[in-house]
Amino acid sequence: MNQATYTGVLDLAAGAFLLAAVLIVWRRELRAIVRMLAAQGVALATIPLTVGMYQKDAALVVVGVVVLLLRAVVLPLLLARAVGTEDHERRESTPLVNTTASLLITAGLTVLAYAVTRPIIDLDPSPATRAVPAAFAVILIAVFVMVSRRRALSQAVGFMMLDNGIAATAFLITSGVPLIVELGASLDVLFAVLVLGLLTGHMRRTFGGTDLDQLRELRD
Amino acid sequence: MSWIGKIGRVGRIVEPAPDAPEAAIVPPTGVTGSLQLRHVDCGSCNGCELEITSAFSPVYDAERFGARLVASPRHADALLATGVVTHNMRQPLLNTLKAIPEPRIVIAVGDCAVNGGVFTKGYGVVGTVGDVVPVDVEIPGCPPTPQQIITALRSVTGR
Amino acid sequence: MTTTIDASPAAPALGEGPRAARRSIDGPALSGGLTAILGAIGLALGLSVIFGEPRQLRIGWLLPLVGVRLDLDPLGGVFVAATGAVAIAVGIYAVGYARREHWARFPLVTLPLFVAGMLLVPAAGSVTTFLLAWELMAATSLILVLSEHRRKEVRCAGVFYAVMTQLGFVFILIALVVLSAAGGGDAFTTIEANVDNLTQGPRNAIFLLTVLGFGSKAGLLPLHAWLPKAHPEAPSPVSALMSAAMVNMGIYGIIRIDLQLLAPGPHWWGLTLMIFGAVSAVFGVLQASVATDLKQLLAYSTTENMGLITLALGAATLLTSSGAPTVAAIALTAALLHLLSHAAFKTLGFLAAGSVLAATGLRDLDKLGGLARRMPVTTVMFGIAALGASGLPLGAGFVSEWLLLQSLIHAPHDSITLVALAMPLSVGAVALTTGLGIAAMVKAFGVGFLARPRSAAAEAAREAPKSMLAGMTLAAAACVVFAIAPVLLSPTLQRVLAVLPRVGGDSAGPQIETILRLPGVAGSISPGLLAAALVIAILLALALARWGRRHRPPVAVTPLWASGADSLSPRMQYTATSFAEPLQRVFDDILRPDTNVEVTHFAESQYLVERVSYRTLMADPVEQRFYTPVVQAVTSWAQLVRRAHTGSVHLYLAYGAAGLLIVLLVAR
Amino acid sequence: MSALAVAAAALQVVGVLAGAPLVVGGMRQVRARLEGRAGGGIGQPWRDLRKQLRKQQITPRGTTVVFALAPAVVAGSSLLIAAIVPIIALGSPLDSVADLFGVVGLLFLGTVALTLAGIDTGTAFGGMGSSREITIAALVEPTILLAIFALSVPGQSANLAAIVSATANNPEQLVSPGSLLAFVALAIVIIAETGRLPVDNPSTHLELTMIHEAMVLEYAGPKLALVEWASSMRLTVLLALVANLFFPWGIAGADPSLLAVLIGLASIAVKVVVLAGLLAAGEVFIAKLRLFRVPELLAGSFLLALLAVTASYFLGTPTS
């Protein structure tokens, strides 16, 4: 593929990646959030695939395929199973920060991300590095989601967004990470999600809900 | 998006339109095929209301003949009056008619509105709609079927 | 040659005023006329300086050591001219107003003095003279604020104002003293000559102090709190003078010291100004959009507009320091133009509010309404002012806000990250300000003047007397000029920009002609043609509405549609409070209104409600969080001091002596 | 500018005048079909307009000239926008008179006029509608201006002709995240500004859920016709504006030939029809938002607009 399309696709992927994060903050239905996470996984996988094809790097393409399978298919499915069957579990009913405020905070975080990653871009302004701010913004947004959401599942989503963001940053800056590293990271996430699934199951049995504030009752 | 499939499966459920009836009155403004209605319940048992509602439902779809229910009498051309006129609704009925810009027509829907029906000489009843305001079109029936209502409306819209 | 002209402002005011009051044959006419004459002199002088050569005046004997020194350059000239123009309108208006309100002789005397003080501030050529004129302005304005001192709120506002303005004065004093000490001279010219060998440390100190001090006079956060208290409580002509002319002096100080003498500073200078401006603008307009007191609403809108101006100044500074003088010139033009147009429409607004107040005795929008039929001229006047304040096309504020936005979106974004981040955010702030400003002004005009009266007092309103209308008409004419023919001001702005080379003033500014074009960036607008085209379009629409009228029955006048009921009572209308309720709910987190609803049920059944009382209190959150603790601390400290006051004269004398000794020992 | 350019501008105005009711009719028709109904036909709004224009004009007691003039102001501002915006050809004689900011200003001028009219009636519903409308307008403004900002970055100008021609010259910037985000943000605010679902329900009969309708409850006959006409023209002009800002293909140049003008007319007609159809089809699937959830929507679109600006700063323009 030529330079122009490469840049275009990469920018689009970064934009979609960031947009998915924003929508995860925006929406409240857990199912919709999980769907967004899958979309984000696709966008994430696009990055190594594009870079791989552009640089004729087979390993990267393989990594991309693995990422696609894991983040866009396996993990969302696991989460969707964990979303649970009771109605009151389907929504992030009352986040600690109301939606309007969290959207504005997200805006602030994005701007911040652009500000702090400016030096990295100036190091070598290539199409890949110019997409780094989006990835970094996703990291910040993910942390914010983990801070501001009540449901254990939203927390899990936040955690996976965090990992997506880190992975994207890695791909964009180093234009590809070794296969084994990527696999290791992904496996960590896999285990984490499984553990979270167990935890939410236990919580639901114990408290009849996955509102993390109820964990306070476990104190002393 | 299971709705899209639903829409595709359902398709058009509107019943085919019978050919237009002869005009009961000449369209007041000389423009055919446009009739905004303001509905006033003068003391009805809500049977007529149900039929009016279904007349505007997808099955009968009175809108395809240019009839539409509006919120404000200022936007309306015709008053759709149902039920016998009770003491409490007499003045509101008059006020509503006054609020409709000329030229305006009054359509009495249902036996109660036309001739008092079962409520004639009730202690709270002033009389039929015709006793209070001049009626142009009458739709008999208790309640009239949506088809009847639509026929009457078409005879007014001339479409 | 200039001596006679230039000395005249102060002198006759001192002479004429008291005599006028003593003879008390028509003091209002004399005082108002004097104010207007002073204004006319100021206007003429300012214009002559802008287009002629600078004027100097030294009066050595008037002040020991340094003497009074007046230098008037185009920058000072434009402020003198603006103040003068405001003073003309207010002076004419004050004649009728003072008659209606039966002013005492003290405010009558002080009004011209206040104008004289404001005319002297921009003319001051040396630090000492500047501080002197500043204090004259502050003291006279305080007296005028207190002129209705029988009301408790007025006294409270007066105290607040006195404290705040003196606090600001302390900042300014320190800053200017440091400046003149470092600049090696008392005169601004001397300082300007050797300001370049001033190190960065004192520069920063002076910058911060002046921004705080002058900012408090311009009503910028966080030192704004006096403004929404003092401006509404003052008599309306005074509110107009304070809100349209006096706040400008704060901006003048910032421009003179920070932009003319010290600029260009580091990036954070411009950024600081922008942040101060943006926060003040958004906060002010937010308070204005939920305010229900007409004059308080206008006062908050003053904070908003001063914030916008400061934002523009900050943008100019930042852009110059990041190497974009052309865009900086646009921002600077926006600031000056907005300052002038704000002076015009705010004068008009307060004067119109004053005639409403004089006619009904009401400032509370919840009780007003229906004035359009009773006071048509005043209504039109306030409409013009509100249109200007809302920054819509055909309004006085439109062109300047358009310039500001243009300067923000054309900033060079690939140079410095700071600029690239500051500009979008400030565009958002400016946009939010305009949006909420529209809401606030629609509320003020619609609820206050349209619909039906909500109280007997509003019902009985009468149109204002001739002189008040004349004063308002002048201001309205100015508004119209700003709205559709800003081309008339372009030579003035060019000359003023020329004396501000340090913030890009020397580069080619925007060419304001019938079509306003921006050099360097592609952007153009033509308020005059736009207005004409809109009028034509409206006529076309009216013509369209005549289509098919042959078939129409004659026009009918009917009662309002009351959903079937016979009539609507005025109490069914939306009030200002209910009109702003959605906005208040949207911005609940910032405004923190104190609302409580009391529902009293019937004794028989809890399902039947006897009475519902809803009360909401809009307190300035900054005031609550920021001022109250300070005030409490000061009071507690004062309690300590109080112990020393035993009431014995000897003890007090002893204190004095001790103090003297200490001073002598220290000064040795 | 040539005589043909002026003719094209005039054609824009006439086209919007004549086409706006048809656009609304078409949208109603799409909705009707998706609901399984037959619908009143595309010409229905025109019938209603002609009928309203022949009905009696009513002046409610106590209303002032504001109430009487507001419809003309709304319609006039929409007409003026139609004359300024590049719909058929780029070189409108009024192009240098107002840029995108000016157009937005005119839009809000119309909104304010109608709002004041709603207050002027002095009915509870009028005040309610005005209060809600102005709240939404105040929150829409930041988004709309930021979106303009994002659009003006590539063309280095907020002049409409400049933006459109910049997009037409290098269309690959359309797929950049900046312009995509700007498109979404602008679409949301236009939906809010023209009172479509999910912000406002144009076909509601329930006063308590009304926003736009509540303000015009008192209008009758020709004035009502003018109001309805104006709101449809607003919608049409804004759709055309979006169409040309993001898909400028087929628009005639600054100095067009007759053929070019005709092509421009056809292409804009197609674009507007497509956009309107999509809008109507989308509206079938959504319900009206609670009034106090609307700020969430607008905050979201504000965020998108901000992202659009930052993205077009950092991604779109090569940092060099």
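User: How many helices and strands does the secondary structure of chain A come to?
Analyst: This is a predicted model, where local features need pLDDT of at least 70, side-chain atom pairs count only at pLDDT 80 or more, and totals for chains, interfaces and linings use all residues. Residues are numbered from 1 along each chain as its sequence is written, with chains lettered from A and ligands numbered from 1 in the order in which they are written. Helices (H or I, at least four residues) and strands (E, at least two) are DSSP runs, numbered from the N terminus. Along the sequence, chain A reads α-α-α-α-α-α-α-α, and the tally is 8 helices and 0 strands.

User: What percentage of chain A is buried?
Analyst: Buried here means that 20 or more other C-beta atoms, placed from the backbone, lie within 10 Å of a residue's own. Chain A has 220 residues, and the buried share is 46%.

User: Which element gives the largest share of the side of chain D that touches chain C?
Analyst: That contact puts 75 residues of chain D against 67 residues of chain C. Several elements of chain D supply at least two residues each, including helix H3 (65–84), helix H4 (100–121) and helix H5 (124–155). With 17 residues, the largest share is from H5(D).

User: Which residue stands opposite C:Thr558?
Analyst: Strands count as paired if DSSP finds at least two bridges between them. Strand E5 (residues 556–558) of chain C and E1(D) run parallel, joined by 3 bridges. In E1(D), the residue opposite C:Thr558 is D:Pro60.

User: On the side of chain D that touches chain B, how many residues are charged?
Analyst: Chain D puts 26 residues into this contact and chain B puts in 25. H2(D) has the largest share of chain D's side, 5 residues. Asp, Glu, Lys and Arg count as charged, Ala, Val, Leu, Ile, Met, Phe, Trp, Tyr, Cys and Pro as nonpolar, and the others, Gly among them, as polar. By class there are 8 nonpolar and 7 polar residues, and the charged ones number 11.

User: What do the buried residues of H6(D) pack against?
Analyst: Helix H6 (residues 160–169) of chain D has buried residues that include D:Leu160, D:Ile163 and D:Thr167. The buried residues of H6(D) pack against three helices of chain D: H4, H5 and H9.

Methods. Two residues are in contact if their C-beta atoms, placed from the backbone, lie within 7 Å. A residue is buried if 20 or more other C-beta atoms lie within 10 Å of its own, exposed if 12 or fewer, and partly exposed in between; C-beta atoms are placed from the backbone.
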